[in-house]
Amino acid sequence: MKYNNITALYFSPTLTTAKIVRVISYSAGKELGIPVKEKDITSAAQRKEKIRFRHGDIVIFGSPVYIGRMPNLISPYYRTINGYGAIGIPVVLYGNRNYDDGLIELRDIMAGNGFSIPAAAAFVGEHSFSRKLAAGRPDTGDMKKAEEFGKTIARTLDENAETYETPHIVDVPGTPYPYGGFYRATDMQGKPVDIRKVKPVTDNILCNECGLCAEICPMGAIDRNDFSQTPGICIKCGACIKRCPAGAKSIADSIYMSHLAVLEEKFGGIRREPEIFIADRNFLSTP
């Protein structure tokens, strides 16, 4: 089977998912000798496009996991991306706690959209809430494993071209549909907390009104006439906080901070490693 090209497709508010997906895609493209292109679907404007692939295309589709699932306000768009028999590789990034049902959900979305799925992966990226959880990741070790995964995808496709002419779906961990629900946030006393309405605040002394926060917000939630205001829905993706060049954005809500303290205490001293899954040859990558 002759493959047309590889598309690095990603939703990546803090750029961690994009880093991994690019490395996987360009590594696989080099191995197969085919071109690679990128499709960023992070902003609301970018998600207005109807995306369609075709038989012979390879798509590395990356998304962060939020509270153990696909971003619930973004995943409806994922369901509009048509595969039409293309090869699809779902890749999720999570912030060192767990990806729960995130990977199986993305796999199911892609399978339902007409992709054949011979491989999948879960990588670790710095948590959107924290600069301590999985700090600085993906790091050099992660990038090396992403590169090797790209080569593995290429070799698997090259060696099993006839097999993947028909729909194929790799087994991945997780609870089958309707999945296991969302991870429940708690405070330091173990009581459930609701942080859905929490929004970032702006230090007006530090803010230079560059407007980057409004530009990169995937929900278009920040007021373009007053960057200190967030009248729209905030999904706590961390883009405006982590990418503000002046460090003017933060979340100061006490309930949110209590939940963050729980996460950092429980998972801050652990190093999770990427997990790679190949159809009929699943394996867990080692440190």
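Analyst: Let's start with N96, which is buried, because its relative accessible area is 0% (buried means under 20%, exposed over 50% and partly exposed in between, with a 1.4 Å probe and protein chains only). Keep in mind that this is a predicted model, where local features need pLDDT of at least 70, side-chain atom pairs count only at pLDDT 80 or more, and totals for chains, interfaces and linings use all residues. Residues are numbered from 1 along each chain as its sequence is written, and side-chain values use heavy atoms, leaving out hydrogens and water.

Back to N96: its phi is positive, about 85°, even though N96 is not a glycine. You'll find N96 in the loop between β4 (87-94) and α3 (102-112); helices (H or I, at least four residues) and strands (E, at least two) are DSSP runs, numbered from the N terminus.

I67 also has a positive phi without being a glycine, at about 45°. Look for I67 in the loop that runs between β3 (58-64) and α2 (75-78). I67 counts as partly exposed because its relative accessibility is 45%.

Now for the prolines. R137 and P138 are joined by a cis peptide bond, with omega at about 10°. P138 sits in the loop between β5 (119-124) and α4 (140-159). Follow the chain past α4 and you come to P178, in the loop between α4 and β6 (201-202). There, a cis peptide bond links Y177 to P178, and omega is about 15°.
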